[in-house]
Amino acid sequence: MKTVEDVLIALDELTGGRVVKSLNDITRGEHPFVIMKSSNIPGKEIIETPGLVYGDMKKEVKKVAVAMTMTEGCIELAGATGVDAIVAHHPIAEAANSGGVILKNYLDLYNVAAFELHEAFHGLHPGIPFLHGHQVYRTEVSYGGVHGNIFYAGKVLPEVKTLGDMLTRLDNFMGLKVEEELLHTEKEIRNSPSLSETSIVTRGRIAHGEETSPVNNIVHIFPHTGFSPEHLRLAIQEHPEADTVLASISRVYDGHPLIETAKELGLNFIIGNCHVLEILENGLPLAYALDRLLPDVEVVVFRERVTSISLNEMGAPQLKKYAEEMAEGYLLKKTAVHTL
């Protein structure tokens with residue numbers, strides 16, 4: 001029989017001892033992966049605590065779900081499919097990751113334990129650079145002294161010659177043809193031409209350069225982690241052999257200072273995978289590792305799919321009528337409602 005404690009031990013093993021072992025790890029300020037994340041927005045900061053967030057160590061675990069971000073949808077899916085523990089990549093916060101209510105109430109309702117890893121998992125494998133077509137020869141997880149500011153320098157794999165090769169490689173590995181076909185079919189079934197989906201609308205593209213532009217050495221950055229144009233100038237000083245800037249997980253759009261700086265420095269600039277695909281980049285390797293370390297436990301993957309749809313195309317006719325009546329009769333007229 002495997003338990004929550006066994007899952008924690010497995011996570012500690014695959015992270016090389018990075019999970020929190022005791023309350024002292026959180027309070028003493030000495031654990032390198034217990035990190036405060038704050039934009040100085042009152043009440044919205046969070047402390048990353050890699051390891052067990054909530055759950056009874058002795059509870060039996062037969063089924064584990066690997067997810068990117070734990071949501072109320074994840075908790076509901078776990079409860080409905082017999083999942084005993086959710087291992088989320090991203091940090092977990094009260095209410096934000098539990099549908100607006102406190103974690104304990106919601107997780108206890110379905111007897112589900114919750115783990116997080118995030119920064120403690122970053123840098124453990126070279127998969128994201130590999131998927132983008134390069135082999136890393138330098139990895140930083142706090143570039144420029146900024147926690148979580150991941151930076152890679154790498155050389156392209158032999159089969160990658162141009163920027164176009166990188167985009168084709170990503171499309172193939174991410175299975176974007178299937179996603180396109182799925183979206184096309186969904187549009188037809190829902191009679192919704194406005195429907196768009198994150199992995200398709202954010203697919204890789206070239207921001208500076210051509211599909212035929214040669215690629216040899218890459219600096220791989222993640223703009224949402226705080227990587228700045230000053231960091232890019234420093235990186236090119238350290239790696240003058242680089243000819244291409246690759247931005248992935250998050251992206252920048254035309255006119256952004258990072259693209260303009262790359263142009264000034266004579267570099268290609270290519271946009272790679274979007275954050276929504278990290279469940280394939282990081283989540284899938286994590287799931288396979290847990291499958292190996294916990295052979296008696298079933299491991300599943302929770303994949304999020306976010307779509308956008310025009311308001312006038314959303315919902316069945318009776319649902320549209322309901323929504324319009326609620327809006328007109330109550331929200332706009334401020335009609336008193338008697339609730340429990």
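I began with the residues that line the largest cavity: four are nonpolar, four polar and two charged. I counted Ala, Val, Leu, Ile, Met, Phe, Trp, Tyr, Cys and Pro as nonpolar, Asp, Glu, Lys and Arg as charged, and the others, Gly among them, as polar.

The model is predicted: local features need pLDDT of at least 70 and side-chain atom pairs pLDDT 80 or more, while totals for chains, interfaces and linings use all residues. Residues are numbered from 1 along each chain as its sequence is written, and side-chain values use heavy atoms, without hydrogens or water.

I took a cavity as a set of points on a 1 Å grid over the protein atoms alone where a 1.4 Å probe fits but cannot get out, with lining residues having an atom within 4 Å of a point. Points are joined across faces, edges and corners, and volume is the space filled by probe spheres set on them. I found one cavity of 30 Å³ or more. The lining of the largest cavity includes Leu170, Asp171, Arg203 and Cys274. Helix H6 (163–174) and strand E13 (268–274) each give two or more residues to this lining; helices (H or I, at least four residues) and strands (E, at least two) are DSSP runs numbered from the N terminus. E13 has the largest share, three residues.

Next I looked up the largest nonpolar core, which has 21 residues. Such a core is a set of buried (under 20% relative accessible area, 1.4 Å probe, protein chains only) Ala, Val, Leu, Ile, Met, Phe, Trp, Tyr and Cys residues joined through side-chain atoms within 4.5 Å. H1 gives this core the most, six residues.

Technical notes: 1 Å grid on protein atoms, 1.4 Å probe; cavity = no way out; pocket = protein on both sides within 12 Å on 5 of 7 lines; lining within 4 Å. Buried < 20%, exposed > 50% of the residue type's maximum accessible area, 1.4 Å probe, protein only.
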